[in-house]
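Thanks for coming. I have one structure to go through this morning, and I will keep it short.

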Amino acid sequence: MVEEQKSATNDTSESKGQDWTDRIEVREGNAEPNNSDDGDSKILNQEEIDTLFGYTPDQTEDGYTLKTGVQAILNSSMVSYERLPMLDIVFDRLIRMMATSLRNFTQDNVEVSLDSIESMRFGEYIDSLTLPTLLGVFKAEEWDNYGLMSVDSSLVYSMVDVLLGGRRGTAAMRIEGRPYTTIELNLVKDMIELILSDLSTAFDPITSVTFSYDRLETNPRFATISRLSNAVIVARLRVDMEDRGGKMDLMIPYATLEPIRELLLQMFMGERYGRDAIWENHLIEQLWETDIELQAILKEKIVTLGEIAKWDKGSFLPLDMYPHDDVTIICGDVPLFIGSMGRKEENVVIKIKGKAEKNG
């Protein structure tokens with residue numbers, strides 16, 4: 001009986017081993033796994049792995065590139081523009097002034113809208129540009145840094161068509177495969193300078209800054225004004241002139257806005273952090289009622305430890321000072337006043353001469 005049980009046990013283990021070997025062979029053969037076992041986990045195919053890590057072709061929305069998967073998570077790990085609330089007010093003022101300026105510039109009905117404000121890396125923004133496009137580099141004079149304004153080809157041709165007397169109701173002609181002419185570049189330059197003037201005015205309630213036109217580029221490589229990994233703010237604008245128009249991006253690096261970062265952190269215009277008038281007055285009133293301990297230092301002298309060891313009751317310590325020498329009054333370790341020592345009735349007094357010089 002024992003031998004039969006051992007034989008049965010060996011047969012069972014051999015069958016289990018054979019079944020496990022078959023299961024391994026099936027998986028190595030790239031066949032579908034047996035989903036009948038509850039312990040088996042789902043195996044991702046190559047397409048699902050690519051989607052997870054963001055290696056699939058980027059999706060587009062309104063002509064802009066969207067990142068997916070892990071790549072989108074990595075690219076989003078930066079400062080959000082929502083931490084600079086004043087930018088919303090600046091760009092809101094900008095689109096209202098742009099609409100008025102472009103109407104006077106084109107003598108046409110122009111509508112300007114703000115599609116979005118987002119943060120991204122400079123390299124990611126350059127890669128998302130759709131060529132051909134015109135890139136206007138401008139400088140913030142007071143901040144000593146640069147920004148970028150991109151105008152897509154649709155807006156370029158629409159603006160040129162309107163300024164040169166094109167008929168209403170007909171779409172602007174686009175001739176692909178040719179560079180922009182000198183006339184087109186000059187007209188776009190005038191438009192960019194007009195918008196930069198409005199942008200300077202939009203910042204006036206916060207701070208005074210002058211945005212000056214620097215140059216116009218058609219190749220994004222020559223419009224590099226920041227490191228590819230640096231964070232930037234991109235405001236996407238749309239300009240509509242009845243049935244014509246196009247898109248425009250206003251890109252400002254965070255490094256350019258750093259000098260006024262504290263002002264952009266305000267939740268409303270003129271906000272003062274920690275400057276509550278009621279609390280300040282209460283604090284001042286209570287400070288006048290505060291009791292502090294003052295000490296008067298007659299003279300300071302350096303003595304060796306050996307000399308101190310020889311002291312006993314009745315020893316004298318010469319201070320090498322005269323009656324007209326000044327006495328220093330301190331609070332803690334901070335010197336406050338200097339004065340001369342004297343006597344009034346039965347009390348030793350100090351007459352204040354002035355403020356003491358603070359060490360360091």
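This is a predicted model: local features need pLDDT of at least 70, side-chain atom pairs count only at pLDDT 80 or more; totals for chains, interfaces and linings use all residues.

The protein has 360 residues, and 29% of them are buried. Its secondary structure comes to 11 helices and 12 strands. If we take contacts with a sequence separation of 6 or more, 63% are between residues 24 or more positions apart.

Now helix H6, residues 153–163. How many of its 11 residues are buried? Eight are, and the helix is mostly covered. The buried ones are Ser153, Leu155, Val156, Tyr157, Ser158, Met159, Val160 and Val162. The cover over them includes two helices, H4 and H7, the latter being residues 182–202. Strands contribute as well: S4 at 133–140, S5 at 145–152, S7 at 231–241 and S8 at 244–253 are among the covering elements. After H6 comes Gly165, which has a positive phi, near 90 degrees.

Next, the nonpolar cores. The largest has 51 residues, and the members touching the most others are Phe203, Phe211, Met248 and Leu257. Which helix gives the most to this core? That is H4, with 10 residues. There is also a second, separate core of 13 residues, with Met120, Leu135, Leu148 and Ala223 among its members.

To go back to Phe203: leaving out residues up to four places away in sequence, Phe203 touches Leu87, Val90, Trp143, Val209, Phe211, Leu257 and Ile260.

H4 spans residues 86–106, and Ser101 is part of it. Is Ser101 buried or exposed? Its relative accessible area is 16%, which is under the 20% cut-off, so Ser101 counts as buried. With neighbours within four places in sequence set aside, Ser101 is in contact with Leu194 and Asp198. The Asp198 contact includes a polar one between the two side chains, at 2.8 Å.

Finally, the surface. Leu305, Ile308, Trp311 and Leu317 make up a nonpolar patch there, and together they have about 420 Å² of accessible area. One of these residues, Ile308, sits in helix H11, residues 305–309.

Note on methods:
Residues are numbered from 1 along each chain as its sequence is written. Side-chain values use heavy atoms; hydrogens and water are left out. Helices (H or I, at least four residues) and strands (E, at least two) are DSSP runs, numbered from the N terminus. Buried means under 20% relative accessible area, exposed over 50%, partly exposed in between (1.4 Å probe, protein chains only). A polar contact is a pair of N or O atoms within 3.5 Å; within protein, one must be able to donate a hydrogen and the other to accept it, and residues adjacent in sequence count only if both atoms are side-chain atoms. Contact means heavy atoms within 4.5 Å. Patches are made of residues with over 30% relative accessible area and no salt bridge: like charges are joined within 9 Å, nonpolar side chains (Val, Leu, Ile, Met, Phe, Trp, Tyr) within 5 Å. Accessible areas come from the Shrake-Rupley method with a 1.4 Å probe; for residues, only the protein chains shown count as cover. A salt bridge is a side-chain nitrogen of Lys or Arg within 4 Å of a carboxyl oxygen of Asp or Glu. A nonpolar core is a set of buried Ala, Val, Leu, Ile, Met, Phe, Trp, Tyr and Cys residues joined through side-chain atoms within 4.5 Å.
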